[in-house]
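Welcome! Here is a short briefing to read alongside the structure, beginning with the whole chain and moving on to a few individual residues.

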Amino acid sequence: TRGSAEAVPEKDDIQYLTPVKIGTPPQTLNLDFDSGSSDLWVFSSETPSRQVNGQAQYDPTKSSTSSKVDGQTWSISYGDGSASSGVVFKDNVDVGGVSFPAQAVEVAQKVSSSFSSDENNDGLLGLAFSKINTVKPNKQITFFDNIMSNLEKPVWTSDLKNDAPGTYNFGYIDEDAYTGEISYVPVDNSQGFWSFEASGYSIGNKSVPLKFQGIADTGTSLAMLPQEINTAYYSQIQGATMSYSLGGYVFPCDAKIPDFTYKVGDVSITIPASFINYAEADEEGKKCFGGIQPDTDIGFSIFGDVALKAAFVVFDAGTESSPRLGWANK
Ligand SMILES: N#Cc1c(N)n[nH]c1N1CCCC1
């Protein structure tokens, strides 16, 4: 089988939401597909109403194919400080025409304020490795792992776009979605992430052969890269400063900013300057927040949406569990 679903950006491309059908009859929720985590969790009939602000809610009692997974709970917290927790059901989940009849659907009994205040986000669909699923006492399996054996190829691909709907495909590689060749690099999934080694970067006509480890993370908005890269990049922008009050590198919104190119495998991916002038950082609209920020004290870089939307990316579970990432221009 193969499936295809739209990835619709929220304001400033802070995240992308994809419609998912859960249960019978289908209840459609718009979920944040996150290759940086491994829980499929949803706003639900069990989420306290004071924590719900317009989100769609999955109600397992209205689905003839739902079943409670007794004795199981989950609790997740993300790098940005957000969190959620609850209990577990199984039900049919359909993404873009690919479905699995008994997918673990983690229903939220508690969500933190940043989830409550994002009315468009009805939950997450984790696409990292199942080993970091948070359900206790029995870890649950991700949607991708569950459908993998039925897919034409054990892959899913991301084709995110700047301020426009993109596409997540499952089970096939759309040859019309990229240009040139796909360059594959090995993935170290020991920490449960799609972790790979980048081999260099360039700013303007200066190319630097820096090798650094990063994860491909559709659930993170920005490109969180080594301090060396941030220093080199922002030194090229008049008036750029690291603002502790605004939480990162900012620069005058009318500044001329350079493109940024990262090298992975045999491919060089260029993030256009327009993607890096991320969003206004202050009320006066004078300071703008950079789409590249430091990865300090995370231990690896995070290639979030700012980096991924410049590329066509193949998340390939590979054969005999030797996963790899394919990168191509588009
Ligand atoms: N922080 C963070 C983060 C990440 N690295 N991947 N996904 C994340 N989130 C998903 C929903 C909120 C944050």
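**The chain at a glance**

The chain's secondary structure comes to 5 helices and 26 strands; helices (H or I, at least four residues) and strands (E, at least two) are DSSP runs, numbered from the N terminus. With a radius of gyration of 20 Å, close to the 20 Å that the globule rule gives for 330 residues, the chain is as compact as a globular protein of that length. That radius is taken over C-alpha atoms, and the rule is 2.2 Å times the number of residues to the power 0.38.

This is a predicted model, in which local features need pLDDT of at least 70 and side-chain atom pairs count only at pLDDT 80 or more, while totals for chains, interfaces and linings use all residues. Residues are numbered from 1 along each chain as its sequence is written, and side-chain values use heavy atoms, leaving out hydrogens and water.

**Overall build**

- The C-alpha trace spans about 60 × 45 × 35 Å along its principal axes.
- Of the 330 residues in the chain, 58% are buried (buried means under 20% relative accessible area, exposed over 50%, partly exposed in between, with a 1.4 Å probe and protein chains only).
- Taking contacts between residues at least 6 apart in sequence, 66% join residues at least 24 apart; a contact means heavy atoms within 4.5 Å.

**A buried threonine**

- Thr-47 sits in the loop between β4 (40-42) and β5 (67-77), and its relative accessible area of 4% makes it buried.
- The side chain of Thr-47 reaches the backbone nitrogen of Ser-44 at 2.9 Å, and a polar atom of that side chain lies 2.8 Å from the backbone oxygen of Ala-108.
- Leaving aside residues up to four places away in sequence, Thr-47 touches Val-52, Gln-57, Ala-108, Gln-109 and Val-111.

**Backbone features to look for**

- Most residues other than glycine have a negative phi, and most peptide bonds are trans.
- Thr-24 and Pro-25 are joined by a cis peptide bond, with omega about -10°; Pro-25 is in the loop between β2 (16-22) and β3 (27-34).
- Another cis peptide bond links Lys-136 to Pro-137, with omega about 0°, and Pro-137 is in the loop between β8 (123-126) and α2 (143-147).
- Asp-163 is not a glycine, yet has a positive phi of about 55°; this residue lies in the loop between β9 (155-161) and β10 (164-170) and is exposed at 63% relative accessibility.
- Asp-297, also not a glycine, has a positive phi of about 55°; find it in the loop between β23 (292-294) and β24 (301-303), exposed with a relative accessible area of 80%.

Definitions and conventions
Polar contact = N/O pair within 3.5 Å; in protein donor to acceptor, adjacent residues only side chain to side chain.
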